[in-house]
Amino acid sequence: EVSWAAVQARLEASPCAPKSLQELEATGDEPDLIGRGKASDCLTVVDCSREGPAGRRSTCYDARARTSRKEHAPVYSAVEMAEEMGIVVDITEYVLRHATLQLARWQQLAPGFAELQMHVNISANDIAHSEFVNRVVRTLTRSHLRPGHLVLELTENILMESVDGAHETRAQLPEIGVGPAVAEFGTGSSSLSDWSTLALAR
């Protein structure tokens with residue numbers, strides 16, 4: 001059983017939660033609280049609205065997955081929807097927090113796991129956000145991980161698109177021991193001269 005006071009406290013502590021719930025209701029969904037995790041103490045909310053095949057939304061993960069489909073391409077992508085709602089940065093912080101805590105647990109299982117790394121994909125919005133580096137520092141401090149154990153991955157196109165706007169953030173990441181890495185190299189349209197302006201982990 002979950003009290004309203006507990007729910008209200010969680011909503012006030014998480015800026016993206018009220019936005020997400022409002023968006024669900026605005027689009028005809030029925031968000032319902034169905035439980036509370038014993039280990040993580042997380043509240044679980046699901047959409048309990050009935051939806052038949054005729055009205056079912058076609059959604060994939062991101063823009064690349066959506067545009068790569070030659071036939072029957074999905075209409076939406078979860079990442080693009082999150083960007084439109086303005087919550088993608090909050091989602092990334094949530095993923096970083098849980099991914100680094102999981103890595104810390106794995107590293108403690110055996111001596112051979114001590115140097116395991118965690119790779120986390122980040123978006124152009126993340127790396128352009130003025131508080132992104134501070135969020136990474138807080139995440140590493142909370143999980144007691146060395147910066148070198150966290151690798152932040154961006155696709156080639158996203159990294160090149162954000163060359164000007166996110167220069168300060170990319171310069172700060174290596175200073176704290178974390179460098180962005182390139183995912184899916186060779187799928188974009190960058191030239192070798194472009195890479196000389198970037199500080200990359202790999």
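Biologist: Where does H144 sit in this one?
Modeller: In this predicted model, H144 is placed in the loop that lies between α7 and β6.

Biologist: And is H144 buried or exposed there?
Modeller: H144 has a relative accessible area of 72%, which is over the 50% cut-off, so H144 counts as exposed.

Biologist: What about its backbone, what is the phi of H144?
Modeller: The phi of H144 is positive, at about 60°, although H144 is not a glycine. As background, most residues other than glycine have a negative phi.

Biologist: Moving on to β6, why is it described as largely enclosed?
Modeller: Because 5 of the 6 residues of β6 are buried, the strand is largely enclosed by the rest of the structure.

Biologist: How many bridges join β5 to β6?
Modeller: There are 4 bridges between β5 and β6, and the two strands run parallel; as one of the pairings, N121 has E153 in β6 as its bridge partner.

Biologist: Which residues of the largest nonpolar core touch the most other members?
Modeller: That core has 18 residues, and those touching the most other members are L96, V120, F132, V136, L150 and L152. Two or more residues each are contributed to this core by α5 (88-107), β5 (118-121), α7 (132-143) and β6 (150-155). Another core, of 5 residues, lies apart from it and includes C16, A82, V88 and V89.

Biologist: Back to F132, what does it touch?
Modeller: Leaving aside residues up to four places away in sequence, F132 touches T92, L96, I122, D126, I127, L152, T169 and L173.

How values were computed:
Residues are numbered from 1 along each chain as its sequence is written. This is a predicted model: local features need pLDDT of at least 70, side-chain atom pairs count only at pLDDT 80 or more; totals for chains, interfaces and linings use all residues. Side-chain values use heavy atoms; hydrogens and water are left out. A nonpolar core is a set of buried Ala, Val, Leu, Ile, Met, Phe, Trp, Tyr and Cys residues joined through side-chain atoms within 4.5 Å. Buried means under 20% relative accessible area, exposed over 50%, partly exposed in between (1.4 Å probe, protein chains only). Contact means heavy atoms within 4.5 Å. Two strands pair if DSSP finds at least two bridges between them.
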